[in-house]
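I have a new structure open and want to get my bearings. These are my notes, jotted down as I looked things up.

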Amino acid sequence: MNPIKSWSKMDRPREKLREHGRSVLSNAELLAVIIGNGYKEKSAVSLSREILARTNNNLNQLARSSIEDLLACKGIGEAKSLSIIAAFELGRRRIYCNEQAENIIGTFTRVNNIFSLFITINSS
C-alpha cells in the first residue's frame, strides 16, 4: 500500500478539498475525508472505494447502510461506521430543512425530493 502521506500534496483528499473545494473530489475521496484513515494494507481512499463498491457506488444505498453492514468491511470499526452514518444523516436533515424553509411545493423536482426524503427516512 502507498500511504496517502506519501502522495503529492495536491493528490491528498484533505489538501485537495482545502485548495480546490468539495466539487472536485470523487465520492471515494469525500468518504476518505470522513473516515480519516485506512489501515496497514489500504489507504483511506482505497478503503472508501471498497465501501462504495459494496453498494454498487450507490450513495443512497450507502446512506441506508447499518452499522453492521459497514463493520463487515475490513478496516471499518465502530467509530468510522458511525462517522459515515452521521454524515449521511446530516445530509438528510439538510434536505429536510431546505424543503421546510421553502414551504411551497411548486415543481416536480421539489415534490420528488420530498418523497425521496420520506422514503429514505422511513426505510432507515
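My entries below go from the whole chain down to single residues.

**Ground rules.** I'm working with a predicted model, where local features need pLDDT of at least 70, side-chain atom pairs count only at pLDDT 80 or more, and totals for chains, interfaces and linings use all residues. Residues are numbered from 1 along each chain as its sequence is written, and side-chain values use heavy atoms, with hydrogens and water left out.

**Overall make-up.** I counted elements and got 7 helices and 0 strands. Helices (H or I, at least four residues) and strands (E, at least two) are DSSP runs, numbered from the N terminus. Read from that end, the order is α-α-α-α-α-α-α.

**Surface and burial.** I looked up burial: 27% of the 124 residues count as buried (under 20% relative accessible area; exposed is over 50%, partly exposed in between, with a 1.4 Å probe and protein chains only). The accessible surface (Shrake-Rupley method, 1.4 Å probe) is about 8,300 Å², and carbon and sulfur atoms hold 53% of that.

**Contacts along the chain.** A contact means heavy atoms within 4.5 Å. Among contacts with a separation of 6 or more, 37% link residues 24 or more positions apart.

**Helices α1 and α2.** How do the axes of α1 and α2 cross? For α1 (residues 13–20) and α2 (residues 27–35), the axes come within 9 Å and cross at roughly 110 degrees. I noted that axes are lines fitted to C-alpha atoms, for helices over the stretch in contact, with angles from 0 to 180 degrees between N-to-C directions. The two helices are therefore roughly perpendicular (65 to 115 degrees). On the α1 side I found Pro13, Arg14, Lys16 and Leu17; α2 brings Glu29, Ala32 and Val33.

Leaving out residues up to four places away in sequence, I see Leu47 touching Ile35, Tyr39, Cys73 and Ile76, among others.

**Serine 65.** Is serine 65 buried or exposed? Its relative accessibility is 11%, so serine 65 counts as buried. I placed serine 65 in the loop between α4 (59–63) and α5 (67–71). Beyond its neighbours within four places in sequence, serine 65 contacts Thr55, Leu70 and Ile85.

Notes
Angles under 35 degrees count as roughly parallel, over 145 as roughly antiparallel, 65 to 115 as roughly perpendicular and the rest as oblique.
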